[in-house]
Amino acid sequence: MSTTAGPGDRTQVEGGGVMRLGKYVLDAPLGAGGMAEVFRAHTVGAEGVSRAVAIKRVLPDASKNPAFSEMFIAEAKLSSRMQHPNIVSVLNFDRDHEGRLYLVMELVEGRDLDSLIESGRLPFSTLIYCIVEVLRGLGYAHDLPAGADGVRGLVHRDVSPHNVLLGWAGSVKVSDFGIAKARAATAASASVTIKGKPAYMSPEQINGAPLDGRSDLFAVGV
């Protein structure tokens with residue numbers, strides 16, 4: 001799908017308070033962080049053809065932060081390379097008329113693993129199923145074939161129950177590769193700033209050491 005902005009790619013509020021972002025209509029907010037907001041949205045196609053999607057858009061202040069914009073663009077580039085049933089798909093990437101970056105993603109109808117865990121003790125079979133599906137997705141990312149840049153494989157670096165989405169029909173998908181890092185055949189370079197959720201970090205990630213896929217597996221084990 002092309003990510004080139006066309007003449008109609010503008011953020012505007014229509015009658016009745018409907019907010020449009022190019023060919024997408026923003027239906028309802030799903031969440032927000034310090035740097036970006038996520039909306040439930042749908043496409044507007046010919047003859048009433050429509051598809052539900054999720055849109056992650058950079059907040060105005062964050063748009064002025066070159067470092068965050070660079071990381072957001074990197075997320076789009078990395079995520080768009082991945083096509084796997086256990087990874088949330090990226091469908092489009094663009095800028096609105098204010099220059100704010102946005103990422104269009106597959107909408108998973110369901111809950112995240114964190115909210116399921118909070119509902120009470122889970123059956124052993126459910127745990128096994130979720131873990132196996134997560135490992136399938138991570139295994140694909142860790143072994144992702146080399147792209148045009150020659151880099152092979154991705155390390156997620158932020159595996160946690162919040163980033164595992166469970167569809168009502170039984171799908172299990174790893175999401176939010178926002179701080180994922182491409183790695184060479186052996187290891188990803190460490191970051192000066194530790195990113196991720198400390199409770200799920202491997203010792204090498206906490207210590208700022210080089211990482212490979214085993215760091216993600218440690219998080220899955222936790």
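The model is predicted, and the values given here are computed from it.

**Largest pocket**

- The lining of the largest pocket is made up of 42 residues. Val-38, Lys-56, Asn-163, Ser-175 and Asp-176 are the lining residues that lie nearest its centre.
- Two or more lining residues are given by each of these elements: strands S3 (24–32), S4 (36–43), S5 (52–58), S7 (101–106) and S8 (110–112), together with helix H2 (66–80).
- Helix H2 provides the largest share of this lining, with five residues.
- By residue class, the lining of the largest pocket comprises 20 nonpolar, 12 polar and 10 charged residues.

**Second largest pocket**

- A total of 18 residues line the second largest pocket. Those that lie nearest its centre are Leu-113, Ile-117, Ile-131, Pro-161 and Val-220.
- The elements that give two or more residues to this lining are helices H3 (113–118), H4 (124–142) and H6 (213–221).
- Helix H4 contributes five residues, the largest share of the lining of the second largest pocket.
- The lining of the second largest pocket divides into 14 nonpolar and four polar residues, with no charged residues.

**Linings side by side**

- Charged residues number 10 in the lining of the largest pocket, whereas the lining of the second largest pocket has no charged residues.

Definitions and conventions. Residues are numbered from 1 along each chain as its sequence is written. This is a predicted model: local features need pLDDT of at least 70, side-chain atom pairs count only at pLDDT 80 or more; totals for chains, interfaces and linings use all residues. Side-chain values use heavy atoms; hydrogens and water are left out. On a 1 Å grid over the protein atoms alone, a cavity is a set of points where a 1.4 Å probe fits but cannot get out, and a pocket is an open set with protein on both sides within 12 Å along at least five of seven lines; lining residues have an atom within 4 Å of a point. Helices (H or I, at least four residues) and strands (E, at least two) are DSSP runs, numbered from the N terminus. Ala, Val, Leu, Ile, Met, Phe, Trp, Tyr, Cys and Pro count as nonpolar, Asp, Glu, Lys and Arg as charged, and the others, Gly among them, as polar.
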